[in-house]
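Here's a quick tour of one structure, from its aromatic contacts to a helix face and a pocket. Have a look at the model first.

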Amino acid sequence: MARLFFALWPDAGARAALAAKAGEVARRCGGRPVPAANLHLTLAFLGEVDPGAMPALRDAASLARAEAFGLELDQLGAFARAGVAWAGCRRAPAALLELQSGLARRIRDAGVALDERPFAAHLTLARRIRTPLAPEAMEPVRWRVKSFALVESVRGEGAYRTLADWILEGGKN
């Protein structure tokens, strides 16, 4: 069994800005910053998945159609119960919502269970925070989303491994 999710990886410039923000937020909230290499925005969390489901997941992802789009993370907040601080979108772009909902629908149609919580476009910056963070504006971090990936959370390493990725329409530029 592999612990899997579909994600968006920020480009190098956005990753650097988000890593700096993660350090700042962790100091402020008394938590641990997410390592720069692990910063991502989850599109669909699958959890533990049998390796036999991989072909269906790849097929579902290959059918997900979306245009490349600009993403702007411009708000900080926290999920107090989960003990995480995040960067998110005050207004998620329509293309992000279309990509996420279409991918989720195709995954379910393929018979693979998904986390049933509603989608909230966010990128976790810090874990195990001790002081909650009320929603507030932040200096926007932007990147052009050109692809999405199927990612494995590597047990015991605290690392992620990209298993496959898909280029969005217009994302090769």
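## Rings, a helix face and a pocket

Searching the whole structure turns up six aromatic pairs, where rings of Phe, Tyr and Trp (its six-membered ring) pair if their centres lie within 6.5 Å, and planes under 30 degrees apart count as stacked, over 60 as edge-to-face and the rest as tilted. Keep in mind that this is a predicted model: local features need pLDDT of at least 70 and side-chain atom pairs count only at pLDDT 80 or more, while totals for chains, interfaces and linings use all residues. Residues are numbered from 1 along each chain as its sequence is written, and side-chain values use heavy atoms, with hydrogens and water left out.

Two of the pairs share Tyr-160:

| Pair | Centre to centre | Angle between planes | Class |
|---|---|---|---|
| Phe-5 and Tyr-160 | 5.2 Å | 80° | edge-to-face |
| Trp-9 and Tyr-160 | 6.5 Å | 50° | tilted |

Both link distant parts of the chain. Phe-5 sits in strand 1 and Tyr-160 in strand 9, 155 residues apart; Trp-9 is in the loop between strand 1 and helix 1 (12–29), 151 residues from Tyr-160. Helices (H or I, at least four residues) and strands (E, at least two) are DSSP runs, numbered from the N terminus. Together, Phe-5, Trp-9 and Tyr-160 make one aromatic cluster.

How buried or exposed are they? Phe-5 counts as buried at 4% relative accessibility, whereas Tyr-160 is partly exposed at 24%, and Trp-9 is partly exposed with a relative accessible area of 24%. Here buried means under 20% relative accessible area, exposed over 50% and partly exposed in between (1.4 Å probe, protein chains only).

On to helix 2 (residues 54–63), where Met-54, Leu-57, Ala-60 and Ala-61 are buried. Looking down the axis of helix 2, the buried residues fall within an arc of 125° and so line one face of the helix; the arc is that of the directions from the helix axis to the C-beta atoms. Their cover includes strand 1, strand 3, helix 3, strand 8 (147–154) and strand 9, with contact meaning heavy atoms within 4.5 Å.

Last, the pocket. The lining of the largest pocket has 37 residues, with Thr-42, Phe-45, Arg-117, His-122 and Thr-124 nearest its centre. A pocket is an open set of points on a 1 Å grid over the protein atoms alone where a 1.4 Å probe fits, with protein on both sides within 12 Å along at least five of seven lines; lining residues have an atom within 4 Å of a point. Elements supplying at least two lining residues each include strand 1 (2–8), helix 3 (94–109) and strand 9 (159–167).
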